[in-house]
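Here's a friendly walk through a protein model, one piece at a time. Keep the picture open as you read, and follow along.

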Amino acid sequence: MSDTARKPLILISNDDGITAPGIATLVRVMRRIGEVVVVAPNSPQSGMGHAITIGTSLRLDPSTIFPGIESYECSGTPADCVKLAKHHVLKDRQPDLVVSGINHGSNSSVNVLYSGTMSAAIEAAIEGLPAIGFSLCEYGHNADFEHTEAWVEHIVREALAYGIPQGTALNVNIPKKSEQPIAGIRICRQARAKWQEEFDLRHDPYKRPYYWLIGEFVNLDQGTDTDEWALANNFISVVPCQFDLTAHHAISSLNASWQLGPKFDGPTQPAPHLGSATPEPGESAEGLG
């Protein structure tokens, strides 16, 4: 088969687990576009961020959950799934695109840092693969994904046709289904927002204390070019994300204000002795162990 006739190879993962309805929607759409391989967690991994498994074994088992689709369930995190997919499952086959999701709940703004969905996409970008993470802004157990299908297919076909900038993963958030049709797609920046968090102190039946994280999401950004603005106005938000976390604007500021140059004479206070190999007064260097 010629390259022009070859179907694109699409790797699918997620963080809600291989049995989640969101990934079933993604598989259904992607199989209309290309050849699909699924490697997803065998249990929910929400909020895992970019965690990887390094202290315990990883298991990867074939799955028959998607008939006719090569699928595997992994005991690890979303990032683990992408690593295993690239280096073990696909081996010499290079995916044309990696897609993650569709997540139950928003991954807009600062939520991208905690998101296992986006970590699968970011891991793909680290490996030099174009990637997209999809999320639906609906947390309900019976969330309706049907209205996302045409939009997801359109975005994926655009990505395959025109590409995604190298080292970039797209963070796509889709408004939940409502009486109003989706207004369109906006390329956005990440809104400046945060969680106002509390730890609720509770007690188990044995009166032992434990804590439950609760909080309220607060948007501190009034810009009309952000993902939060787009979603509030019923647009799909697309934020290009990168794994280079360098605050480039801060480099010149730190170089200008911090005393780090050749005129620096050392700390004004001596550093505490931490068992270094510097001999104490009256002690020879040869005597040091």
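**Starting from a covered strand**

Let's begin with strand β6, residues 131-137, which is mostly covered: seven of its seven residues are buried. Keep in mind that this is a predicted model. In a regular strand, side chains alternate between the two faces of the sheet. You can follow that in β6, where Ala131, Gly133, Ser135 and Cys137 point one way, while Ile132, Phe134 and Leu136 point the other way. Whichever way they point, all of these residues are buried.

Now look at who sits beside β6. Strand β5 (residues 97-104) runs parallel to β6, and five bridges join the two. To find your place, look for Val99, which stands opposite Ile132 in β6. To get from β5 to β6, the chain passes through α3, making a right-handed β-α-β crossover.

While we're at helix α3 (residues 116-126), stop at Ser119, which lies in it. Is Ser119 buried or exposed? Its relative accessibility is 4%, and because buried means under 20%, Ser119 counts as buried. Its side chain reaches the backbone oxygen of Gly49 at 2.8 Å. Leaving aside residues up to four places away in sequence, Ser119 touches Gly49 and His50.

Back to β6, which also pairs with strand β7 (residues 168-175), again in the parallel sense, over seven bridges. Here Ser135 stands opposite Asn173 in β7. The chain crosses from β6 to β7 through helix α4 (residues 149-162), and this β-α-β crossover is left-handed.

Time to zoom out. Nine strands form an open sheet with mixed pairing, and their order is β3-β4-β2-β1-β5-β6-β7-β11-β8. At the edges stand β3 (60-63) and β8 (184-187); each has a single partner strand, so one side of each is left without a neighbour in the sheet. On average, neighbouring strands of this sheet are turned by 25° against each other, direction ignored.

Out at the β8 edge, four bridges join β8 to strand β11 (residues 235-242), and the two run parallel.

Helix α1 (residues 21-30) touches β1 (9-13), β2 (35-41), β5 and β6, and its direction makes about 145° with that of β5.

Key
Residues numbered from 1 in each chain as written. Predicted model: local features only at pLDDT ≥ 70, side-chain atom pairs only at ≥ 80, totals over all residues. Heavy atoms only, no water. Buried < 20%, exposed > 50% of the residue type's maximum accessible area, 1.4 Å probe, protein only. Polar contact = N/O pair within 3.5 Å; in protein donor to acceptor, adjacent residues only side chain to side chain. Contact = heavy atoms within 4.5 Å. Pairing = 2+ DSSP bridges. Right-handed = clockwise from strand over helix to strand, strands pointing away. Axes fitted to C-alpha atoms, helices over the stretch in contact; angles between N-to-C directions.
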